[in-house]
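Let's take a friendly look at a protein fold together. Have the sequence and the structure ready as you read.

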Amino acid sequence: MEANIRGAGRLPAAFLTPGSSSFMDFLGEHAPAALPGNRELPPVKGAVEAPHGTTIVALTFPGGVVLAGDRRATMGNMIAQRDIEKVFPADEYSAIGIAGTAGVAVEMVRLFQLELEHFEKVEGAQLSLEGKANRLSTMIRSNLGMAMQGLAVLPLFAGWDPAREKGRIFSYDVTGGRTEERGFASVGSGSVFARGALKKLYADELTEQQAATVVVQALYDAADDDSATGGPDLTRRIFPIVTSITDEGFRRLPDAEVSEIARSVVDGRLEQPDGPRASVL
């Protein structure tokens, strides 16, 4: 009886000595219902109305990579939230931006953060950037059933690769298919318009400050043509989230710095509503 009392509340031995470096595999074995892809959804008719995050952009520069997102979430033709956060640190040297069903996407980000932390604690070392991108691909694939029911998540993953000494960007489709992007990338409902701006303004020798300005310009162009993307809101002081990942790690640009960039972009649009012009040659 006394032994039972002493043992009450203790974690099972398997929880204290996990055999896998994958937190997803560990959950799948001991608590499979905790994984989003294993949950049964009630039958529904018609489209599922849930808040959706929209446009995420990324761009590399010689010292690293910037990843940024607008702040609007929509539900159908309505604005569900004006100041949602869609860009998060994955670990010290990588970040993830989310487009798609907001609730599922945020939960996937938290699981991904735990996945990377779990690996580091079990193995005593960080995954390579390529390994992190592969782990995220597996997580997206596990959500395929929900994606086919309208609850899709499309992240953009970026980070600093110490082996190659440069920033890298990875995009995904709903099946978990992974593509490494060269120079810049965008995802979400405004991605077509944002990509056009990135293509126009991208250059090989941008500074971090210039790269941050380019992604804000791209988000402005996306908001200009896509109603689901929110532009800089000077009235409410809501500005894009802009992050930078370099050999010094992940950094979220302070609100004061982003607001200054956003205000300069808006002021420039008063003179050139379609944005800065790229040279023909």
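## About the model

This is a predicted model, in which local features need pLDDT of at least 70, side-chain atom pairs count only at pLDDT 80 or more, and totals for chains, interfaces and linings use all residues. Residues are numbered from 1 along each chain as its sequence is written, and side-chain values use heavy atoms, with hydrogens and water left out.

Helices (H or I, at least four residues) and strands (E, at least two) are DSSP runs, numbered from the N terminus. Strand 7 spans residues 94-101, and eight of its eight residues are buried, meaning under 20% relative accessible area with a 1.4 Å probe, protein chains only.

Two strands pair if DSSP finds at least two bridges between them. Strand 6 (residues 87-91) runs antiparallel to strand 7 with four bridges, and the two form a hairpin with two residues between them. Here Val87 has Gly97 as its bridge partner.

## Two crossing helices

How do helix 8 and helix 9 cross? The axes (lines fitted to C-alpha atoms over the stretch in contact, with angles from 0 to 180 degrees between N-to-C directions) of helix 8 (residues 208-225) and helix 9 (residues 255-271) come within 10 Å and cross at roughly 55°. That makes the pair oblique, the word for angles that are not under 35 degrees (roughly parallel), over 145 (roughly antiparallel) or 65 to 115 (roughly perpendicular).

Terms used. Buried < 20%, exposed > 50% of the residue type's maximum accessible area, 1.4 Å probe, protein only.
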